Amino acid sequence: MPKFSVLIIEDENKIQTFMGKILKRHDYRVLCSSTGREALEIIRSQCPDIILLDLGLPDMDGSSVIREVRTWSSTPIIVISARTAEMEKVNSLDLGADDYITKPFGTSELLARIRASLRHSNRLRTDNDLYIRAYKHGAMTLDFSKRLLTIDAKAVHLTPIEYKIVAYLAQNSGKVITYSSLLSNVWGPYTDGDNKILRVNMANIRRKIEKDPAQPEYIFTEVGVGYRMAEDE
Ligand code: CA
């Protein structure tokens, strides 16, 4: 089995070393860069399978790296971000980053994010049945061909809008979806960008699918950014 390669773009030595060690131990091939310029060269010459990107780099803004890479490559990019930087997260996702991870993070979270992004990019490349195959997590199954959501094999009645929201999140499970991306995918490109309608619908969805809507098992809130649906099993 060829190893997946991960490029870590991070100028803080400690964090770069910490991530490198974890990834090597889990059988990834690790490439490192502490500047944006060098990173772009490595991406061109080595074509890593996934990119971990710190936004605060000494020579250029990390968002410029995303913009540049996205002109010619769809390699998954996970942004490493500070806890309170919601706007930064939203901007990165809108520029084409696939996900973000918030500092400080643990080993299992880092590995889970990488697996989800790799799975997602592989699926997009190879699995045309993505939208046909049912989504499954815990007691929930979403059958896209029948437009049927069941929990513990019992059908859950969703309105057409609620179904669209859940289906879009399920098709992108494991990834965070921004409010604006969800709004335009469900209501079309001419929405006024008001999240209120989304929050109202989400509250109704949670009442129908979650045992305890305050402690969701299926759809998680990413504060100030959007929603993330539990990864497909
Ligand atoms: Ca930095």
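Select Asp 61 and Ser 63, at the start of helix 3. A side-chain oxygen of Asp 61 comes to within 3.1 Å of the backbone nitrogen of Ser 63. This is a polar contact: a pair of N or O atoms within 3.5 Å, where, within protein, one must be able to donate a hydrogen and the other to accept it, and residues adjacent in sequence count only if both atoms are side-chain atoms. The model is predicted: local features need pLDDT of at least 70, side-chain atom pairs count only at pLDDT 80 or more, and totals for chains, interfaces and linings use all residues. Numbering starts from 1 along each chain as its sequence is written, and side-chain values use heavy atoms, with hydrogens and water left out.

Now extend the selection to helix 3, residues 62-70. Helices (H or I, at least four residues) and strands (E, at least two) are DSSP runs, numbered from the N terminus. Gly 62, Ser 63, Val 65, Ile 66 and Val 69 are buried here. Buried means under 20% relative accessible area, exposed over 50%, partly exposed in between (1.4 Å probe, protein chains only). Why do they lie on the same side of helix 3? They cover an arc of only 155° around the axis, taken from the directions from the helix axis to the C-beta atoms. An α-helix has 3.6 residues a turn, so residues three or four places apart point the same way.

Show what these buried residues pack against: strand 1 (5-9), helix 2 (36-46), strand 3 (50-54), strand 4 (77-81) and helix 4 (86-95). Contact means heavy atoms within 4.5 Å.

Two strands pair if DSSP finds at least two bridges between them. Strand 11 and strand 12 (residues 226-229) pair over 4 bridges. Pick Glu 222: Gly 226 in strand 12 stands opposite.

Switch to side chains. The largest nonpolar core has 29 residues. Such a core is a set of buried Ala, Val, Leu, Ile, Met, Phe, Trp, Tyr and Cys residues joined through side-chain atoms within 4.5 Å. Leu 142, Leu 169, Leu 182, Ile 209 and Ile 219 have the most contacts inside the core. Helix 6 (160-171) is one of the elements that supply at least two residues. Helix 6 gives the most, with 7 residues. Center on Ile 209: leaving aside neighbours within four places in sequence, its contacts are Met 140, Leu 149, Ile 151, Val 156, Tyr 218 and Ile 219. A second, separate core of 23 residues includes Leu 31, Met 60, Leu 93 and Val 225.

Finish with the backbone. A cis peptide bond joins Lys 103 and Pro 104, with omega about -10°. Pro 104 sits in the loop between strand 5 (99-102) and helix 5 (107-126). Cys 47, in the loop between helix 2 and strand 3, has a positive phi of about 45° although it is not a glycine. Is Cys 47 buried or exposed? At 54% relative accessibility, Cys 47 counts as exposed.
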